[in-house]
Amino acid sequence: MHIVELTPTVDVPRDGWDRPLVIPKQGGKPVALTRTTTFIDCIEDKSALSGWKSRMTLVGAAMRPDLLNVVSLLDPQDPVDKRKLDRLAEQALDISGANAKREKGTHLHTLSEYVDRGQPLPAGTSPHDQLDMAAYMGATVPFTVKAVERFVVVPELGTGGTFDRLLEYAGPGPDGEHIEGHFIGDLKTGTITYGKLKMATQLAVYSRGEFYDHTLFPVDPADRKAFAAWKKREVPAEEAAAAYSPLPGHVSRKWGIIINLPAGSGDCTLHWVDLEIGWDAARLARQIRATRSAKGAMLPWVTGVTSAGTC
């Protein structure tokens, strides 16, 4: 892998629902965008994930039976108790080890950035992690990394999100024919057996985004008074537009790249994802989300005299 320029992770200000707050390109006050992953969630079949979480929650509760003693004292219909039950369920899930894979994935993402920068891995990196990173390095040799963890906005969808990698590549494409240009890449550290459409959709959305530089409008969200004032500030259009810049001209909207490195496997594989299929799914997600806001799907039953006569 060859590295031209890497950009450090940005921390875009967010609201209480973890939605990124950005200044619109036309100027004005900050607006909340839907996270890209949240936006496309509606197209995903979550039955397998829901079943897995339910099973792991039971496993965690079995490992800590004292949690069930607390559960027995709570009313699942009471709003306050419901929040307590939610926290207990998450605690049981964590006890089961269900969150360990997520944490391990975050760790491998961090290590992969050392590899991309050509830096040695941190002291104390485990042998398993070293094998994973060796596999990652070997698989990604064909790429030049142009950017890492960059936040992009897609005004057409009202979304914002951060992609893993912007990769430059020249070589055989999905059909064996020569292909070259810039491609959105994503590192997956778990199974890719499920969620292929979601992966294609996520990368398709990113490929149609614009870079957004939130550092032009600095604020400390921890300072509540300053943050409240920042959210009310009207930014002139010219100043707002300066925060936006296009992706490189040859970012593919046809193909994206998945880098699959299952944690602890010592094996890294590359996969093409069809972004045209993904973009169709993104537009479908927009339609689904709009339909969910439709009113009048159910009306009350009317009895007695109406303007049309008597029932």
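Arg 253 is placed in the loop between strands β9 (244-246) and β10 (255-260); helices (H or I, at least four residues) and strands (E, at least two) are DSSP runs, numbered from the N terminus. This is a predicted model, in which local features need pLDDT of at least 70 and side-chain atom pairs count only at pLDDT 80 or more, while totals for chains, interfaces and linings use all residues. Residues are numbered from 1 along each chain as its sequence is written, and side-chain values use heavy atoms, with hydrogens and water left out.

With a relative accessible area of 47%, Arg 253 is partly exposed. Buried means under 20% relative accessible area, exposed means over 50%, and partly exposed lies in between (1.4 Å probe, protein chains only). When neighbours within four places in sequence are left aside, Arg 253 is in contact with Ser 207, Arg 208, Leu 275 and Glu 276; contact means heavy atoms within 4.5 Å. Val 148 stands 105 residues from Arg 253 along the chain, and the C-alpha atoms of the two are separated by 18 Å.

## The chain as a whole

The protein chain contains 10 helices and 13 strands. Its C-alpha atoms fill a box of roughly 75 × 55 × 50 Å, taken along the principal axes. Of its 311 residues, 40% count as buried.

Among the contacts in the protein chain with a separation of 6 or more, 64% are between residues 24 or more positions apart. The accessible surface of the protein chain comes to about 17,800 Å², and 56% of this area belongs to carbon and sulfur atoms. Such areas come from the Shrake-Rupley method with a 1.4 Å probe; for residues, only the protein chains shown count as cover.

The expected span of a helix is 1.5 Å times one less than its number of residues. In α2, the residues Met 56, Gly 60 and Ala 61 are buried. Seen down the axis of α2, its buried residues fall within an arc of 140°, so they line one face of the helix; the arc is that of the directions from the helix axis to the C-beta atoms. On the other side of α2, Arg 55, Leu 58 and Ala 62 are exposed. The cover over the buried residues of α2 includes α3 (66-71) and α4 (79-95).

Helix α4 also has 17 residues and reaches 25 Å from its first C-alpha to its last, close to the 24 Å expected at 1.5 Å a residue. Its buried residues are Asp 81, Leu 85, Leu 88, Ala 92 and Leu 93. Viewed down the axis of α4, these buried residues fall within an arc of 140°, so they line one face of the helix. They pack against α2 and α3. The face of α4 turned away from its buried side carries the exposed residues Asp 86 and Arg 87.

## Aromatic rings

The structure holds 11 aromatic pairs. Rings of Phe, Tyr and Trp (its six-membered ring) pair if their centres lie within 6.5 Å; planes under 30 degrees apart count as stacked, over 60 as edge-to-face and the rest as tilted. The rings of Phe 151 and Tyr 212 have centres 6.3 Å apart and planes at 65°, so this pair is edge-to-face. Phe 151 lies in strand β5 (residues 144-154) and Tyr 212 in strand β8 (residues 210-212), so the pair ties together parts that are 61 residues apart in sequence. Phe 151 is buried, at a relative accessible area of 2%, and Tyr 212 is buried at 4% relative accessibility.

One aromatic cluster is formed by Phe 143, Tyr 169, Phe 183, Trp 255 and Trp 272. Lys 254 lies over the face of Trp 255, at 4.7 Å from the ring centre. Lys 231 lies over the face of Phe 227, at 4.8 Å from the ring centre. A charge sits over a ring if NZ of Lys or CZ of Arg is within 6 Å of the ring centre and within 35 degrees of the ring normal.

## Residues with positive phi

Asp 18 has a phi near 65°, a positive value in a residue other than glycine. Asp 18 lies in the loop between β1 (2-3) and β2 (21-22) and is partly exposed, with a relative accessible area of 34%.

Glu 149 has a positive phi of about 50°, although it is not a glycine. Glu 149 is placed in strand β5 and counts as buried, at 14% relative accessibility.
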